Amino acid sequence: MSINVALIYGSTREGRFCDKVAEWAASEIASRSEFSVDAIDPAALALPNRHKREESSELADLKQRIGKADAFVVVTPEYNHSYPAALKFLIDSVREQWQAKPVGFVSYGGVSGGLRAVEHLRLVFAELHAVTTRDTVSFANVWAQFDGGGKLLQPGAAQKAMATMLGQLHWWAIAVREARRVKPYGQSAA
Ligand SMILES: Cc1cc2nc3c(=O)[nH]c(=O)nc-3n(C[C@H](O)[C@H](O)[C@H](O)COP(=O)(O)O)c2cc1C
């Protein structure tokens, strides 16, 4: 059963490292026949810079893409022990389209490998009724892990971690897609 994964870029910084990590993650996901990938890059979206009363066509388009996804992989760096503001703005711009869907993480940064950003994101996605996978992929000292062309120098451990995370993401995506079909999420028990 094919799972449509929305891969979300966490950084919009000029000169960001995110491109390398996200492109690696996208190619890992796309190499598996059970997944398709929609890469969502807030730097390319032209979202408004604050929440507006009227919904822009760009925001409507983003909601539609999030709504179509069965699962999410968020690629996030760590900024001051958390995740970037641009990622928070994207997450907060959408609501029910996140609900009852799984979220996996690929994180990167200095010594912590972005793990503190991931722990903060777990709280945010819980509030949005999304479920986060236990296992994640993490790149500590990320600059030392990729070559100039964006190739991982020692891909083995990251590929193994990715396989574990994607296995969990697939399980949840299948389970909750069927559950949402049987009963739309949020309906009362009565
Ligand atoms: C504003 C800012 C804050 C940062 N804070 C941390 C931090 O708390 N912990 C860490 O490990 N790395 C930190 N870093 C390093 C980033 O994780 C690293 O530069 C990463 O490449 C940033 O992602 P980007 O290049 O895709 O924007 C910080 C970088 C920036 C720009």
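**Notebook: strands and ligand site**

I started at strand β4, where two bridges join it to strand β5 (residues 131–132), and the two strands run parallel. I looked up a facing pair here: Val103 stands opposite Thr132 in β5. I note for the record that this is a predicted model.

**Entry: the other neighbours of β4**

I checked strand β6 (residues 137–139) next. Three bridges join β6 to β4, again in parallel. Tyr108 has Phe139 of β6 as its bridge partner.

I then turned to β3. It pairs with β4 in the parallel sense, over six bridges. Val75 stands opposite Val106 in β4. I followed the chain between these two strands as well. β3, helix α3 (residues 85–92) and β4 make a right-handed β-α-β unit.

**Entry: burial of β4**

Is β4 mostly covered or mostly open? I found it mostly covered, with seven of its seven residues buried. I sorted the residues by direction. Pro102, Gly104, Val106 and Tyr108 point one way from β4. Val103, Phe105 and Ser107 point the other way. Both sets are buried.

I moved on to Ser112, in the loop between β4 (102–108) and α4 (115–127). Does Ser112 count as buried or exposed? The cut-off for buried is under 20% relative accessible area. Ser112 has 14% relative accessibility, so it counts as buried. I also looked for a side-chain partner. The side chain of Ser112 makes a polar contact with the side chain of Arg116, at 3.4 Å.

**Entry: strand β1**

Seven of the seven residues of β1 are buried, so the strand is largely enclosed by the rest of the structure.

Which strands pair with β1? I found strand β2 (residues 35–40), joined to β1 by six bridges and running parallel to it. I also found strand β3 (residues 71–77), paired with β1 in the parallel sense over five bridges.

**Entry: the ligand**

Which protein atoms lie 2.6 Å, 2.7 Å and 2.9 Å from ligand oxygen atoms? I wrote them down one by one.

- A polar side-chain atom of Tyr79 lies 2.6 Å from an oxygen atom of the ligand.
- A polar side-chain atom of Arg13 lies 2.7 Å from a ligand oxygen atom.
- For Glu78, a backbone N or O atom lies 2.9 Å from an oxygen atom of the ligand.

On its own, the ligand has 610 Å² of accessible area, and the protein covers 77% of that.

Notes. Residues are numbered from 1 along each chain as its sequence is written. This is a predicted model: local features need pLDDT of at least 70, side-chain atom pairs count only at pLDDT 80 or more; totals for chains, interfaces and linings use all residues. Side-chain values use heavy atoms; hydrogens and water are left out. A polar contact is a pair of N or O atoms within 3.5 Å; within protein, one must be able to donate a hydrogen and the other to accept it, and residues adjacent in sequence count only if both atoms are side-chain atoms. Accessible areas come from the Shrake-Rupley method with a 1.4 Å probe; for residues, only the protein chains shown count as cover. Buried means under 20% relative accessible area, exposed over 50%, partly exposed in between (1.4 Å probe, protein chains only). Helices (H or I, at least four residues) and strands (E, at least two) are DSSP runs, numbered from the N terminus. Two strands pair if DSSP finds at least two bridges between them. A crossover is right-handed if, with the strands pointing away from the viewer, the path from the first strand over the helix to the second runs clockwise.
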